[in-house]
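Here's a quick briefing for anyone opening this structure for the first time.

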Amino acid sequence: MKAFSRGINRFSAKHPNFGIRNLMLYIIIGNIIVYLFNAMDTTGTFLSYLYFNSELIMRGQVWRLVTFLFIPSDTRLIYFAISLYFYYFIGSTLEQYWGTAKFTIYYLFGAVLIMIYGLIMSLVYNGQYMLIDGSYLNLSMFFAFAVLFPETRVLLFFFIPIKIKWLAIVDAAFFALGILINPFPVNLIPLVAIANFLLFFGSDFIDMFRSNRRAHSKQAINFRKAAKQAKREMDNAPYRHKCAVCGRTDVSNPELEFRYCSRCEGYHCFCHEHISNHIHFTE
C-alpha cells in the first residue's frame, strides 16, 4: 500500500495538470440532471438505462461504464439535496488539498475497481449481472476526509454542527449494514469502495500506529525541535513548501507532495511521509 501511495504522490507531483478539474462538480451536475429526468419519467424505467449492467455492457451499451456514477443515491428530495451538499463539499475540499491529479485518480480508480468487480462477478456467475451505482464510491470519500480533517465541523441538515469524524463513524455503520442486508455478491460492493480508500490511506494508518509507539520510546525523534528550526528558516526562502520535520522542500524534492496539518495550530507544512507522523503544534 505504501508503494502504491508513494507512486500516486510522485505521479501527481510530476503531472499537476493531469485529471479533471472540478470533477465533483460534474458528478453533482450529472446527478441533478438524472434526478430531474427520473422525476419526469412516468414509466419508472429511466434509471434502468443508466445502471452498471455487465450483461448489457457486453452487448454494446458502453455508456453504462460512466452513467452509473450519476445515479442519485436517494430520490427523496431532502436526502438527495443533503447528499449532494456533502459530496460536493468533501470532494472539492479533497481536490484543493490533494490537487486535481490525485483526486481524479482517487475517484476514477475507485470507479474502475467497482467496474472490474461487476464484470468479474458476471463471469463467475454465468452472465448474471448486478445493478450498480456510485453511492458507495461517493460515501467512501467521507473516510478520506475524516482521516485528513477529523475535527472539521459541518452542518448536518444544514443547521446541526457535527464533527466529520462522527459522520465517518455513521458512514462506517451504513457500510456494515449494506454488507449485512444485501444479497451476495452485491453486499461486497462496499468492501470494494473501502479497498480503494485503503490503497490510498492504508499506509497512513500504519504510520500513525508506528508514530504513536515511537512517541513513548527514548529514541523518539524530537519532531517539535526540528519543526521549529525549519520554521525559522522559511522566511524569504526560495521555495513554496518545506516539511517542518525533515526539511525537504518542493525545490530540493519536486517529486514529493506537501500537505498542511489541520490539527496543528497555525500553518505547518509536512511532506507526505510526515503528515501523519509528527507531533502536533499547539503554540
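**Quick tour**

Let's start with a cysteine: Cys271 is buried, with a relative accessible area of 0%. Keep in mind that this is a predicted model. It holds zero disulfides, its aromatic rings make 17 pairs, and its largest pocket has about 890 Å³ of space.

**Cysteines**

- For Cys271, the closest cysteine sulfur is the one in Cys243, 3.7 Å away. A disulfide needs the two sulfurs within 2.5 Å, so this pair is too far apart for a bond.
- Cys246 is partly exposed, at 32% relative accessible area, whereas Cys271 is buried.

**Aromatic rings**

- The count comes to 17 aromatic pairs. One of them is Phe89 with Phe145: the ring centres sit 5.6 Å apart and the planes meet at 55 degrees, so the pair is tilted.
- That pair ties together distant parts of the chain, with Phe89 in helix α5 and Phe145 in helix α8 (residues 141-148), 56 residues apart.
- Phe89 is partly exposed at 27% relative accessibility, while Phe145 is buried at 1%.
- Phe145 pairs with Phe149 too, with centres 5.0 Å apart and planes at 50 degrees, so this one is also tilted. Both Phe145 and Phe149 are buried.

**The largest pocket**

- With about 890 Å³ of space, the largest pocket has 29 lining residues, and Ser73, Ser83, Tyr87, Leu139 and Phe174 lie nearest its centre.
- Helices α5 (77-98), α7 (135-139) and α9 (164-181) each give at least two residues to this lining. The largest share, five residues, comes from α5.
- Sorted by class, the lining has 20 nonpolar, five polar and four charged residues.

**The second largest pocket**

- This pocket has a volume of about 620 Å³. Its lining has 24 residues, and Tyr97, Trp98, Gly99, His241 and Phe258 are the closest to its centre.
- At least two lining residues come from each of α1 (2-14), α5, α6 (100-124) and β3 (258-260). Helix α5 supplies the largest share here, four residues.
- The lining of the second largest pocket splits into 10 nonpolar, eight polar and six charged residues.

Notes
Residues are numbered from 1 along each chain as its sequence is written. This is a predicted model: local features need pLDDT of at least 70, side-chain atom pairs count only at pLDDT 80 or more; totals for chains, interfaces and linings use all residues. Side-chain values use heavy atoms; hydrogens and water are left out. On a 1 Å grid over the protein atoms alone, a cavity is a set of points where a 1.4 Å probe fits but cannot get out, and a pocket is an open set with protein on both sides within 12 Å along at least five of seven lines; lining residues have an atom within 4 Å of a point. Grid points are joined across faces, edges and corners, and a volume is the space filled by probe spheres set on the points. Ala, Val, Leu, Ile, Met, Phe, Trp, Tyr, Cys and Pro count as nonpolar, Asp, Glu, Lys and Arg as charged, and the others, Gly among them, as polar. Buried means under 20% relative accessible area, exposed over 50%, partly exposed in between (1.4 Å probe, protein chains only). Rings of Phe, Tyr and Trp (its six-membered ring) pair if their centres lie within 6.5 Å; planes under 30 degrees apart count as stacked, over 60 as edge-to-face and the rest as tilted.
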